[in-house]
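Here is a briefing on one predicted protein model. Please read the strand pairings against the coordinates as you go.

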Amino acid sequence: MESYRKVKANRGTSGVDNITLMDYEKNLKGNLYKLWNRMSSGSYLPSAVKLVEIPKSDGKKRPLGIPTIEDRVAQMVVVSTIEPFIEPHFHEDSYAYRPNKSAHGAIDKAKERSYLLHWVVDLDIKGFFDNIDHELLLKALEKHITCKWAMMYIKRWLTVPYQLKDGTLVQRDKGVPQGSVIGPILANLFMHYAFDEWMKRNHPNIPFERYADDTICHCASLKQAEFIKRHIKKRLEICKLELNETKTKIVYCKKNHRELEYDCIEFDFLGYTFKPRRSVDKHGEVFLNFSPAISNAARHKIWAEIREWNRNYWVPLTLEQIAEQINPVIQGWINYYGRYNPTVLKEALQNVNDKLVRWARGKFKGFRHHKTKTVYRLGDIALTKPNLFAHWAWGVRPTASPRNRKRK
């Protein structure tokens, strides 16, 4: 029951059996008893994993494996069983899928270290989740897990086939499905031995932040950065992984009073772009700082989602009803991307106001041919009800003044 509650909190769609969380809850007690009975007797066999392809920003597609609700509950049972034995061994700079760790923690540390060390190696592993070697992963698991039934079910989940839309089954002999409940802890454990422990043992003077396979290393010089990049490539090859040479890059963290010229002076990490930015100190003096702000890719995703909001569907709704629908999404953007240099995100969120202006002009005849009048009216509402929309409360209110913001 505890595992089911965790699965429900994560929400998610149905698997190959098309059974949703709502369907599963119709006979929750019976379904959980049946699963417990099968797992405790050793007769539980997982269903195929539904393969869904998610578009990426570069035009390619990322394979996402979606287990059934029942399989997700079973995986959560095993995660809860093995996590206490594995978690204490993880590196302090491993931030993904861990208690009291977060993407913001990794970004905070990256900002701090980029200020102290002037070179970064931005690593990209080609198809990480799809290429995790099962033999090496099981070897790592056996170092920590003595629970035989947990190991038995993990082995079954590792080899369960993908099922395509047409029902075709695709057999698997490597990789961990993204979208599975068990995947994050398995991927973390693999990288713990493939990278974290190796770095700690062989290159303790080079700090890093790792979030799943998103990793950056901090170096004191270009020579050191080139050296560690070569050695990491060799290490990953030993672990049957491949460094993506086209996306892996060495970055110079250019700051004030540094005249060194280098072609690459920015990198993306967890939805933020780190690059030189003009800042003002407490004395009012302008200086060049190397800091993060929401990345262009993340802004384009926000703009794309705003464009998909159907203002025709909004026409019969009140402003309060629209706010109720979109506020959770907007607040999520603010919570994640508003941590550093929030002005960049605020420019992106002006697109929400543009959408509201178009809604008002479509709903009220008096505003149909008067855009500026509509903006002023919404601006007045924002003054009287500043907390109606999450971005209004954050200071992003309708304005008729010109805005020089980039659009896709």
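**Strand pairing and overview**

Nine bridges pair β10 with strand β11 (residues 286-294) in the antiparallel sense. Two strands count as paired if DSSP finds at least two bridges between them. Helices (H or I, at least four residues) and strands (E, at least two) are DSSP runs, numbered from the N terminus. The protein chain holds 15 helices and 11 strands.

This is a predicted model: local features need pLDDT of at least 70, side-chain atom pairs count only at pLDDT 80 or more, and totals for chains, interfaces and linings use all residues. Residues are numbered from 1 along each chain as its sequence is written, and side-chain values use heavy atoms, with hydrogens and water left out.

**Confidence**

- pLDDT is the predictor's confidence in each residue, from 0 to 100.
- The protein chain averages a pLDDT of 91, and 96% of the residues score at least 70.
- Confidence is highest in β6, at 98.
- Confidence is lowest in helix α11 (residues 311-314), at a mean of 81.
- Over residues 402-408, pLDDT stays under 50.
- For residues 402-408 the model has 13 contacts beyond four places in sequence, where contact means heavy atoms within 4.5 Å.
- Where pLDDT is low, the predicted coordinates should not be read in detail.

**Whole-chain figures**

- The C-alpha trace of the protein chain spans about 70 × 60 × 35 Å along its principal axes.
- Of the 408 residues in the protein chain, 48% are buried.
- Buried means under 20% relative accessible area, exposed over 50%, and partly exposed in between (1.4 Å probe, protein chains only).
- The accessible surface of the protein chain comes to about 21,800 Å², and 51% of that belongs to carbon and sulfur atoms.
- Accessible areas come from the Shrake-Rupley method with a 1.4 Å probe; for residues, only the protein chains shown count as cover.
- Take the contacts in the protein chain between residues at least 6 apart in sequence: 66% of them join residues at least 24 apart.
- The protein chain carries 69 positive and 45 negative side chains.
- Lys and Arg count as positive and Asp and Glu as negative; His and the chain ends are not counted.
- The centres of the two charge sets lie 5 Å apart, with each charge placed at NZ of Lys, CZ of Arg, CG of Asp or CD of Glu.

- Strand β9 (residues 267-269) runs antiparallel to strand β10 (residues 272-280), joined by three bridges.
- F269 has Y272 in β10 as its bridge partner.
- The β9 and β10 hairpin has two residues between the strands.
- L270 lies in the loop between β9 and β10.
- Phi of L270 is near 55°, a positive value in a residue other than glycine.
- L270 counts as buried, at 14% relative accessibility.

**β6 and β7**

- Strand β6 (residues 208-211) and strand β7 (residues 214-219) run antiparallel and are joined by four bridges.
- R210 has T215 in β7 as its bridge partner.
- Two residues lie between the strands of this hairpin, and A212 takes a positive phi near 60°.

**The open sheet**

- Four strands form an open sheet in the order β2-β1-β4-β5, with mixed pairing.
- β2 (61-66) and β5 (169-170) stand at the edges, each with a single partner strand, so one side of each has no neighbour in the sheet.
- Strand β4 (residues 162-163) pairs with β5 in the antiparallel sense over two bridges.
- Y162 has V170 in β5 as its bridge partner.

- R11 is found in the loop between α1 (2-10) and α2 (21-25).
- R11 has a positive phi of about 55° although it is not a glycine.
- Most residues other than glycine have a negative phi.
- R11 is exposed, with a relative accessible area of 64%.
- L123 sits in strand β3 (residues 119-123).
- L123 counts as buried, at 7% relative accessibility.
- Leaving aside neighbours within four places in sequence, L123 is in contact with F195, D213, T215, C217, I232, L243 and T248.
- L123 and N256 are 133 residues apart along the chain, and their C-alpha atoms are separated by 26 Å.
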